[in-house]
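Thanks for coming. I will go through one structure, from the whole chain down to a single residue.

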Amino acid sequence: MMVWLILLPLLWASLAFMLGPSRGVWLSIVGLAAQLWLAFALAAEIVGSGAAMHAVGGWGAPLGIDLVADGLSAAMLLLTQCIALPLAVYAHAYFKRDDPATTYFWPLVGFLLAGLNALFLSTDLFNIYVTLELLGLAAVGLVAAGGGAQQIAAALRYLFATLVGSGAYLLGVALIYGTYGTVSTVTLVSLIGADAPDLVWIAGGLMVLGLMLKTALFPFHFWLPPAHGGAPAPVSALLSAVVVKASFYLVLRLWIGPFSSLTVVASLVVWFPALLGTLAVFWGSYQAIRAERLKMLIAYSTVAQLGYLFLIFPLLASAGALQAGIMQAFAHGLAKAAMFAAAGTLIKATGQEMVAGLAGVAERLPVTLFAFGLAGITLMGLPPSAGFLAKWQLIELALSQQHWVIAFVVLVGGLLAAVYVFRVLRQAFLLAPAGSVVTPVPRTLEWTAFGLAAASVLLGLRGVELMQLVGVT
Amino acid sequence: MKRLLVVLGAVCLVVLLLGAMHDLAPASVELHAAVATNLTASGVEHPVTAVLLNFRGYDTLLEIAVLLLALIVILAIGMDATISAEATVDVRPLVNPVLQTLAKLVVPLMILVAVYLLWAGSFRPGGAFQAGAVLAAAAVLLHLAELLPSWQSPGVKLRLGLAGGFLIFLAVGAVSLMQGALLEYPLEQAGALILLIESGLTVSLGLILAGLFLLLSRDDGETS
Amino acid sequence: MTGGLLFASVGVILFAMGVAGVLLLGHLLRRILAFNIMGSGTFLVLVALAQRNGIADPVPQAMVLTGIVVAVAATALALALARRLYVLTGKLELSQDDEE
Amino acid sequence: MSLEFAFDLLLALAMVWSAWRSLYATRLDRAIVMFIAFGLLMALAWTRLLAPDIGLAEAAIGAGLTGALLLDAYGALQRKKI
């Protein structure tokens, strides 16, 4: 079942390419719906009977490549498909028929999803490198497609960042293979002990740093705002909601998997990601509060929200930290997809890219603005949203271990999020200046954003199931 | 400042790595032995081909996806290139007729070499990648001799050729998955299946690699 | 020192030179060159370090073949973007001021 | 020092030097030509590392196709400047 999650998007992506420019919408949407069903079925299966394994080619690691679906990967697969389907529907309504961005939009989305799904399932460090490149190049292509000079420049900046990131990762993989003769994470867990040679430490450092660059963790965030802020709204939503989480997921996997004995020896190392995460929360929020363009505000908010994910690293020793991290990934993923989708609708309707140009949208586009507000609730971490659940758990864990710094960062981060969310809402409730026109937009745009935003809030009520799923090993 | 930091970081990395690489114990897993043991079950006699298309065939499947994807991205970013009539005024010197004759002679030979490489790959160095690269080189040569124009936008037949190799590979994967595991070949059919995949890949790889060049070398509009 | 370790060392040096080049050079074509040198360095480490005892290992060799194809895909993509940028702006550098 | 190791050492030095030149040569066309030379040296190194498959691929794809792509980009640049 899990393998179909990889083959299906590859299949509809290449068929959509064969159909020709701007074709393949319905093929893709049917494919995505099937993937969503598969992801739910897979999650249900492993909650029932534990983690599932598939030996590609029947060889088994370390000679072959093993795919493993445990709670963590099943949760990420579920998140990805849950966001991709509504965004595909949104994208279909968003793009005009002759928009140059749509010529090969669907094949690119297909390859992007195949890369994501393959990455979440792989347990082979080199295979993960190939999935990272598939993902990275597809994401760069989506940013650049049909764009003007600014978009192309943003795509190039993104491309170089992602290539350096995966280059560092691959060098790490090369050193690991040289040291142990295998790249299977399952085999490596038992091989890498506390007495690992220096080379393994360097390899681990290179891999984690490369992946942090790809996650846009502060201070490696420089490429994210232009790329996510400049791409078409459906693309920004997809990239901010799931693509950056993929490399975070890998850092987490390496940290609790093959490199777990190293992180135990050097107890100070766990504070390094947390420190960068803290800086990301403050810097991203500060820039979001200052941003003048609406999509830049949302992109900087992504920089801040990604910071929270890295706050869990000092807490990983205790049960529940993983759940808090994944809950935050879900909360931010759904909310940020909703926010970019809502912003795309607002910009399309008003023709204004600036936050200052939003005056009056509250009465003209209430559903979209409501979606934006709901997503904001999740980002601030107000109950009953999934964001609240994630932050609550994070604070509780931090306090139980006397790491009050982490609790403080989470609380202040929530307040800062409130500042930039209310900045947008306040503007939206102002009276529209005389003579401003709002072009009508398809209902689909409004309601898909609303659906995603509502999901980010309502997930808080079903959080127990998700946490149970993440716990399956 | 940035310059200093980067240079310093690079030097530190080199020093640390060179130091750490020297006294390294032998690896605990020896995959080359495992490859040798399982070679007879792989369907080919050349170990590198066995790893590429059997033991780690899944890597190769995704890698072809990356290559196809790169081509699609290039198509996607250049679609609205201003193809103005006056932009096609050629400033290149006239092509040497000797080059054209030479190309006409060499290209059939290169196709022959590609077929040989494809066939040789099952028992000695060679295979779909090298064969595809030779095909692509032939196309580039034809282009330089002005016997093959740059691509603007590929038609349906060309798209079929570009994606065909990948689709064959994918189809083999899907069928094998339905019968057991992804890309698990039955012992007696392994050699034939690998040859089928490699033949498809050779054509598609040749087309894609040539396409990368022929798409990039189209006259991409004018700045004015 | 064996041939394997020698070439692994060369790989490390090439990687460092390449990364520094990608980060520091301004001209886009030069940055693409640097990326390729970085990749070549990594590939050398992958094979040479694994074969430091002098025995051929087909597994990293196959990985490098995969890596070379991925690298040429990335190079072509980067060149396409760079040439598009040149058509649109007449420049082959990313300006520093739009970074924030 | 055996003759083989001396050859490897020479090859290694040539690789680092050509890589350096292809990064920092003042003229871009020289840099690209140096890069192609670097690719061919890499191909030689691969055969020294008992990897003729990679040697073939490196010569054809790494040096050949990548070099052709870069040279073509450089050529387009020169044509536009006229």
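Chain A has 20 helices and two strands; helices (H or I, at least four residues) and strands (E, at least two) are DSSP runs, numbered from the N terminus. This is a predicted model: local features need pLDDT of at least 70, side-chain atom pairs count only at pLDDT 80 or more, and totals for chains, interfaces and linings use all residues. Residues are numbered from 1 along each chain as its sequence is written, while chains are lettered from A and ligands numbered from 1 in the order in which they are written.

Now the overall dimensions. The C-alpha trace of chain A spans about 70 × 55 × 45 Å along its principal axes. Of its 473 residues, 67% count as buried. Buried means that 20 or more other C-beta atoms lie within 10 Å of the residue's own; exposed means 12 or fewer, partly exposed is in between, and C-beta atoms are placed from the backbone.

Next, helix α5(A). In α5(A), 20 of 20 residues are buried. Just after α5(A), G146(A) has a positive phi of about 65°.

Last, A61(A). Where is A61(A) found? It is in the loop between β1 (52-56) and β2 (65-69) of chain A. A61(A) counts as buried because it has 21 C-beta neighbours inside 10 Å. The C-alpha atoms of A61(A) and Y94(A), 33 residues apart along the chain, are separated by 44 Å.
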